[in-house]
Amino acid sequence: MASMSDIAVHRDGATQILRFNRPGKMNALTGAMYDALCDALEAGEKDTEVSVHVFRGANGVFTSGNDISDFLASSTGDQAVLKSVLRFIRLVPQIQKPMLAGVDGPAVGIGTTLLFHCDLVFATPSARFHTPFLDLGLVPEAASSLLMPQRMGYTRAYEMLVLGKPMDAEAMLRAGLLNAIVPPEELEERVIGAATSLAKKPPAALALARRLLRGDAEDVARRVDEEAAIFARQLQSAEAREAFQAFLEKRAPDFSKVGDG
Ligand code: COA
């Protein structure tokens, strides 16, 4: 079980920190957690005292991505979680204030794709970025099929999104996707420091520059929806169900026994 409190929201000056904090489940995200993230992001966007949003993990983990038990429930008919996931991945590209992330340990699925919507990303040497959508019978989400090839080149994006090859912090830094690698004990300070610097910038110019740099939000929104339609269909497939069950039963999946879904 998980609850909204598995997302800890707190303030440090003008920075709103959203912390994935679900011990024992590697901060895997549930519907309630996506809703808590959305509520906090929406409130922060409206709050004149908040200038920057920061995503953080806890206990040496950023997040292991969507809760696989929830995916399994969705694949057998429970659409509630999908609704919360969709709410989150539609909201993130619409956020106007800067989004920063500090990554320590595993950043799986949405834990990595979220970073392509962030403006500054810091990570520790143990950060590990992994998007195993295909191995779960799924397809890329959160506009990652658009943003990852744009940002890291097609072949590297394909390696991550289709081959499911994890990338470590050094590789992400070399690919230009991280601002810096910092020791774990300095991560929080470094991210908050960057957020505090941003909070001192002239707000109108900051918002305008961010919008220009991020490019066409409509393109991103369209891709989110396009991916989501395919993702929802794949979620119902026999191959996805086999992958989820295999993960939960701690065994290798056997796709030879599943048909087309
Ligand atoms: N959903 C549900 N439970 C998850 C989870 C997830 N995404 N990630 C981890 N957990 C659970 C495990 O089932 C395990 O629970 P248990 O102790 O009750 O058996 C617990 O968290 C610890 O995970 P474990 O796999 O034993 O830790 P690890 O250190 O060996 O590996 C990860 C960590 C993150 C590499 C690994 O858990 C993983 O690959 N998770 C799945 C990631 C994933 O595919 N996410 C979906 C992306 S779209």
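The expected span of a helix is 1.5 Å times one less than its number of residues, where helices (H or I, at least four residues) and strands (E, at least two) are DSSP runs numbered from the N terminus.

## The model

This is a predicted model, in which local features need pLDDT of at least 70, side-chain atom pairs count only at pLDDT 80 or more, and totals for chains, interfaces and linings use all residues. Residues are numbered from 1 along each chain as its sequence is written, and side-chain values use heavy atoms, with hydrogens and water left out.

## Helix 1

Let's start with helix 1 (residues 31-46): its 16 residues should span 22 Å at 1.5 Å a residue, and its end C-alpha atoms are 23 Å apart, which agrees.

Among its buried residues are Met33, Tyr34, Leu37 and Leu41; buried means under 20% relative accessible area (1.4 Å probe, protein chains only). The buried residues of helix 1 pack against elements including strand 1 (7-12), strand 3 (52-56) and helix 3 (80-91), with contact meaning heavy atoms within 4.5 Å.

## Helix 3 and helix 10

Helix 3 packs against helix 10 (residues 217-235) at about 160°, with axes 11 Å apart. Helix 3 is therefore roughly antiparallel to helix 10 (angles over 145 degrees, on a scale from 0 to 180 degrees between N-to-C directions). Leu82, Leu86, Ile89 and Arg90 of helix 3 meet Val224, Asp225, Ala228, Ala232 and Leu235 of helix 10.

## Helix 5 and helix 6

The axes of helix 5 (residues 144-152) and helix 6 (residues 154-161) come within 7 Å and cross at roughly 135°. The contact includes Met148 and Met152 of helix 5, along with Tyr154 and Met160 of helix 6.

Definitions and conventions: Buried means under 20% relative accessible area, exposed over 50%, partly exposed in between (1.4 Å probe, protein chains only). Angles under 35 degrees count as roughly parallel, over 145 as roughly antiparallel, 65 to 115 as roughly perpendicular and the rest as oblique.
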